[in-house]
Amino acid sequence: MSIKVRYFASLKESIGRSEEELVFKQTLSVSDVWKQANKSQSRPDNVLAAVNMEYVGFDTLVNDDDEVAFFPPVTGG
Amino acid sequence: MNIKIVTKPFDPWQEIQQFQKTFSDMNGKFGATSVFVGTMRDFNDGDDIKGMTLEYYPGMTEKQLGQIITEAMKKWSVLNVLVVHRVGNVFPDDAIVLVSVWSSHRGDAFDTSRYIMEALKSKAPFWKKELLVSDEKRWVRNNTDGYKN
């Protein structure tokens, strides 16, 4: 399956990428997606995750064509 | 409801006037209009700030704001809601956010406005990067709880 992974704000800067396409054969959770995409970088404690623009927990399973996003706490308003 | 993400300076009062002209079916029905305007300060965390860049997640930001407003409109009796939020380069005294609520009575307008603003602060994907007068750049780490300060 093919997944789009996106990063925002300070996380985008620290990782050095804004988005990437990843192809997997096995079923993965959001947590697994982070590990596969960022092998050398552990996930910061405060990182939030979304799948298809909805907040999710890191145990959520992803499906083909999903958009997975990782970002720091929001600071709008 | 109307949700606007804007990249240029906006005048909250013009936005409200325009909205009322567009949604003229509210005429005679609303007895209360609440207005919250968030404006950029020239200081934060003890430092002088000369500018800021606001990033957002196109699509998700609008989706989350829509859900927040829908939730609020279920909780309170509200005629309409306008939310305008700035992104891109922002400077002190610029309006960052406008939340305006129209309802028959003041309680619903006040409560809905507060609810939307607090939910926006904790759920809507926007991120601020400050430019200090010293030219240092830094990301704002988290929003404070509006009920505690």
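1. A nonpolar core is here a set of buried Ala, Val, Leu, Ile, Met, Phe, Trp, Tyr and Cys residues joined through C-beta atoms within 7 Å. A residue is buried if 20 or more other C-beta atoms lie within 10 Å of its own, exposed if 12 or fewer, and partly exposed in between, with C-beta atoms placed from the backbone. On these terms the largest nonpolar core has 48 residues, and those with the most contacts inside it are A:F8, A:V33, A:V68, A:A69, B:V83 and B:I116. Strand β7 (residues 95-103) of chain B gives the most to this core, namely 7 residues.

2. Basis of the note. The model is predicted: local features need pLDDT of at least 70, side-chain atom pairs count only at pLDDT 80 or more, and totals for chains, interfaces and linings use all residues. Residues are numbered from 1 along each chain as its sequence is written, while chains are lettered from A and ligands numbered from 1 in the order in which they are written.

3. Chain B, architecture. Helices (H or I, at least four residues) and strands (E, at least two) are DSSP runs, numbered from the N terminus. Chain B has 3 helices and 9 strands, arranged along the sequence as β-α-β-β-β-α-β-β-β-α-β-β. Two residues are in contact if their C-beta atoms, placed from the backbone, lie within 7 Å. Among contacts in chain B between residues at least 6 apart in sequence, 76% join residues at least 24 apart.

4. Chain B, dimensions. The radius of gyration is taken over C-alpha atoms, and the globule rule is 2.2 Å times the number of residues to the power 0.38. For 149 residues a compact globule would have a value near 15 Å, and the 16 Å of chain B agrees. The C-alpha atoms of chain B fill a box of roughly 50 × 30 × 30 Å along the principal axes. Of the 149 residues in chain B, 32% are buried.

5. Chain A. This chain holds 2 helices and 5 strands, in the order β-α-β-α-β-β-β from the N terminus on. With 77 residues, a compact globule would have a radius of gyration near 11 Å; chain A has 12 Å, which agrees. Its C-alpha trace spans about 40 × 25 × 20 Å along the principal axes, and buried residues make up 30% of the chain. Residues 24 or more positions apart account for 52% of the contacts in chain A with a separation of 6 or more.

6. The contact between the chains. The contact takes 13 residues from chain A and 23 residues from chain B. On the side of chain A that touches chain B, the elements giving two or more residues are α1 (9-15) and β5 (67-71) of chain A. By class, that side of chain A has 9 nonpolar, 4 polar and no charged residues; Ala, Val, Leu, Ile, Met, Phe, Trp, Tyr, Cys and Pro count as nonpolar, Asp, Glu, Lys and Arg as charged, and the others, Gly among them, as polar.

7. Helix α2 of chain B (residues 60-75). The expected span of a helix is 1.5 Å times one less than its number of residues. The 16 residues of α2(B) should span 22 Å, and its end C-alpha atoms are 23 Å apart, which agrees. Its buried residues are B:M60, B:T61, B:Q64, B:L65, B:I68, B:I69 and B:A72. Seen down the axis of α2(B), they fall within an arc of 165°, so they line one face of the helix; the arc is that of the directions from the helix axis to the C-beta atoms. The face turned away from the buried side of α2(B) carries the exposed residues B:T70 and B:K74. The cover over the buried residues of α2(B) includes β3 (48-51) of chain A, together with β1 (2-6), β4 (47-56), β5 (80-86), α3 (106-123) and β8 (126-132) of chain B.

8. α3(B) has 18 residues and reaches 26 Å from its first C-alpha to its last, close to the 26 Å expected. Its buried residues include B:D108, B:K121 and B:I116, and what covers the buried residues of α3(B) includes β2 (32-39), α2, β5 and β7 of chain B. Not counting residues up to four places away in sequence, B:V83 touches B:I3, B:L65, B:I69, B:L98, B:V99 and B:I116.

9. Backbone points to check. B:D93, not a glycine, has a positive phi of about 80° and is found in the loop between β6 (88-90) and β7 of chain B. B:D93 counts as exposed because it has 10 C-beta neighbours inside 10 Å. B:D135, also not a glycine, has a positive phi of about 75° and is placed in the loop between β8 and β9 (137-139) of chain B. With 7 C-beta neighbours inside 10 Å, B:D135 counts as exposed.
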